[in-house]
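Biologist: I would like to learn how to read a protein model feature by feature. Could you take me through one slowly, giving the general idea before each case?

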Amino acid sequence: MNSNAFPTYRGRMEYFCLGCNEAFSIEKLHYTCPKCRGVFLLRDNSFDILKKTSGEKWRDKFDNRAATKENTLRGIFRFYELIAPVVEKDDIIYLGEANTPVIPASQHLEFLLGQRFAFKNDGQNPSASFKDRGMACAFSYLKKMAREKGWNQVLTICASTGDTSASAALYGAYAGAPFKSVVILPQGRVTSQQISQPLGSGAHVVELPGFFDDCMKVVEYLADNFRVALLNSKNAWRILGQESYAFETAQWYNWDLAGKALFIPIGNAGNITAVMAGLMKLKELDIIDELPRIFGVQSSHADPVFRYYQEQPDSRRFKPVEVSPSVAQAAMIGNPVSFPRVRSLVDKYEKIQGPGSFHVVQVEEQAIIEGMLLANQNGHIACTQGGECLAGMLRARELGILEKHETAVLDSTAHTLKFSGFQEMYFSNSFPPEYEIRPKKQYMNLPFQILSIEDRDKLTKQDFTRAAVEKIAKMLELDQEK
Ligand SMILES: *Cc1c(COP(=O)(O)O)cnc(C)c1O
Ligand SMILES: [Zn+2]
C-alpha cells in the first residue's frame, strides 16, 4: 500500500452535549451547549464504517504510515480516521508535533524505585508541551472553516496556565492571516519561559491579577458575546488531537497495553479525557485487546477530581476547590472544565475494563518536586507534572493499587526547562511558605565558587588558570596523571 496517500475516508462529525445529549452541527463554532451550557465531545456518526476494517488491518495501516514522508500525516494525523476525518490535506498544520519518544527509566532509577516504568516525553513537542497535539487539530479545523466560509478575520483567544497560550500563539503565528492571537494569563502565575513564548510568537498578551479560573471567566464572556475562536479545552477539537497520545502509546508497545498503567496529571482534565477516549476507540476497533489502567494524579493543593472519586459512588458530588500554589503549576486548577467529560468516560471505561481500571491519586508538593529532581538526576527531562506522575506512581504502590509486575508510563507533559524556576527555588531554598517544600541536601545542586573577582584581578592569566585547576583537582580529589 502507498503510505503517502492521503486517506479517503471522511466522517460525519458532530458536537455531542454531555449535559443534555443533544447533537449540533460542526458547521458552526461551538464551545458549550447553546441549550444547557454543558461541555461537548465530538463524535463521528460514521464510526461504525471503520469497524468493517479489521484490527490487524488498522495496525498495519498505522504502522505503514509511521514511515511516511508526507508532513500532513507525520503528526497527530497519522491517525487521521480516528481524529478529525473532516479536514482536507491543505487544512492541516504540522509543526513537528506528536510522536514523542517513550524513554524507559534509567537502569539505576528503575532499580532504586523497584518498578518498571517509562516517561513519554511530551515536552519534545514544538512549543515544549503536549498542548501542541490539540492545537494542531483545532487550528486545522479552523483553517477548514476559514477556507469554506471565506472569513477574513478570526481572533483566536485562550486563558492559560502558560502552555496553552504558548501553543496557541505558535500555531496562530504559523497559520498567519486571517488568524490573530490573543492570550490571557494570570499575572505572576506562569513561568518566565511560558510568558516569553506567546510574546516571542507575536501574540497579544493580556495579564490579569488572579488565578487561571479568573482568566477563564473573562475568556468565556468574550466568546459568548463577540466573534472569536476559543482555544481553551472547552474546544472539543483540542481533545481529539490529544487522543494521539493514547494511539502513539499503544503503537509504541506494539498495540499491547495489557499490564500497562498510564499516569496522567489532571489540571483542566482535558488530557486524561483525551487519553481515555482515544483508548476506547482503539478497543472498539479491535486495534488493542485490553485497555490499560489509568491513574490520574493531582497535587493536594489542587485536587477536586481526587476528592470526587474518594467518595463512594452514591455520595459523589462535584465541588470546585480553592487552589493554593503548586509546583505542578500547569495543573493548578480548582474547577476543571473537562470534569463532566471525565465522569462520563470513566463510567464507560470501567464498564469495559472493570472496576479498578481507573484511579485518581493525590500527592504532596514535596513529592512532586523531588520526583522531578530524582528523574532528571537520572538523565530524564521531566517537568514538574512529570514529577507529579512519578510521585503518583510511588503513591499508588504505597496504596497497593499498582502491582509490581505492571509497567507504568508516566506523562511528562512539558519540557523541564519551562519549570527551571522551581528547580532554582529548591536549590536555593527560596520557596514561599505556601508551597510547603523543604529542600533536602541530597537533591540540591548549586554552582561552586572557587575563585573570587579579587583573585582574578590579582593573579596573572596563567596563575589564575593554575589556581582554578588546583582548586578543581582538590575539590574532585582527582588523581594526577603521570
Ligand atoms: C495543561 C497542562 C497540564 C494539565 O492538563 P489538562 O488537560 O488541563 O488536565 C499538565 N501539564 C502541562 C505541562 C500542561 O501544559
Ligand atoms: Zn446541552
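Modeller: What follows is a walk through some features of this structure, which is a predicted model.

Biologist: Let us begin with the metal. Which protein atoms are the donors of the zinc ion (ligand 2)?

Modeller: To read a metal site, one lists the donor atoms and then looks at the angles among them. Here the donors of the zinc ion (ligand 2) are the SG atoms of Cys-17, Cys-20, Cys-33 and Cys-36, which lie 2.3 Å from the ion. The angles among the 4 donor atoms run from 96 to 115°, and the site is tetrahedral. Along the sequence, the donor residues follow the spacing C-x2-C-x12-C-x2-C. Distant parts of the chain are linked in this way, for Cys-17 belongs to strand β1 (residues 13-17) while Cys-33 sits in the loop between β2 (23-25) and β3 (40-44), 16 residues apart.

Biologist: Are Cys-17 and Cys-33 buried or exposed?

Modeller: A residue counts as buried when its relative accessible area is under 20%. Cys-17 has a relative accessible area of 0% and is therefore buried, and Cys-33, with 2%, is buried as well.

Biologist: In what order do the strands of the sheet with β1 stand?

Modeller: Strands of a sheet pair through backbone hydrogen bonds, and the pairing may be parallel or antiparallel. In this case 3 strands form an open sheet in the order β2-β1-β3, with antiparallel pairing. Because β2 and β3 stand at the edges, each with a single partner strand, one side of each is left without a neighbour in the sheet. Neighbouring strands of this sheet are turned against each other by 35° on average, if direction is ignored. The pairing of β1 and β2 is antiparallel and extends over 3 bridges, and Phe-16 stands opposite Ala-23 in β2.

Biologist: Which strands are joined to β13 by bridges?

Modeller: Strand β5 (residues 116-121) runs parallel to β13 and is joined to it by 6 bridges, with Phe-119 standing opposite Leu-410. Strand β10 (residues 260-265) also runs parallel to β13, joined by 4 bridges, and there Lys-260 stands opposite Thr-407.

Biologist: How should I read a helix, and why is α10 described as largely enclosed?

Modeller: An α-helix has 3.6 residues a turn, so residues three or four places apart point the same way. For helix α10 (residues 244-252), one looks at how many residues are buried: 8 of the 9 are, so the helix is largely enclosed by the rest of the structure. The buried residues include Ser-244, Tyr-245 and Phe-247. Ser-244 has a relative accessibility of 0% and so counts as buried; leaving aside neighbours within four places in sequence, Ser-244 is in contact with Ile-76, Ile-83 and Arg-133.

Biologist: What does Leu-390 touch, once residues up to four places away in sequence are not counted?

Modeller: Leu-390 has its place in helix α15 (residues 384-398) and, at 1% relative accessibility, counts as buried. With those residues set aside, Leu-390 touches Leu-113, Phe-117, Gly-371, Leu-374 and Leu-410. Leu-410 is also one of the residues of β13 described above.

Biologist: Finally, the backbone angles. Where is a cis peptide bond found, and which residue other than glycine has a phi near 70°?

Modeller: For such cases one reads the angle and then locates the residue. A cis peptide bond, with omega about 5°, joins Ala-177 and Pro-178, and Pro-178 is found in the loop between α6 (163-175) and β7 (179-186). The residue with a positive phi near 70° is Ala-98, found in the loop between α3 (80-83) and β4 (102-104). Trp-255, which is not a glycine either, has a positive phi of about 60° and lies in the loop between α10 and β10.

Note on methods: Residues numbered from 1 in each chain as written. Chains lettered and ligands numbered in written order. Predicted model: local features only at pLDDT ≥ 70, side-chain atom pairs only at ≥ 80, totals over all residues. Heavy atoms only, no water. Donors = N, O, S within 2.8 Å, 3.2 Å for Na, K, Ca; no water. Tetrahedral: all angles 85-135°; square planar, octahedral: opposite > 155°, others 65-115°. Helix = DSSP H or I, 4+ residues; strand = E, 2+ residues; numbered from the N terminus. Buried < 20%, exposed > 50% of the residue type's maximum accessible area, 1.4 Å probe, protein only. Pairing = 2+ DSSP bridges. Axes fitted to C-alpha atoms, helices over the stretch in contact; angles between N-to-C directions. Contact = heavy atoms within 4.5 Å.
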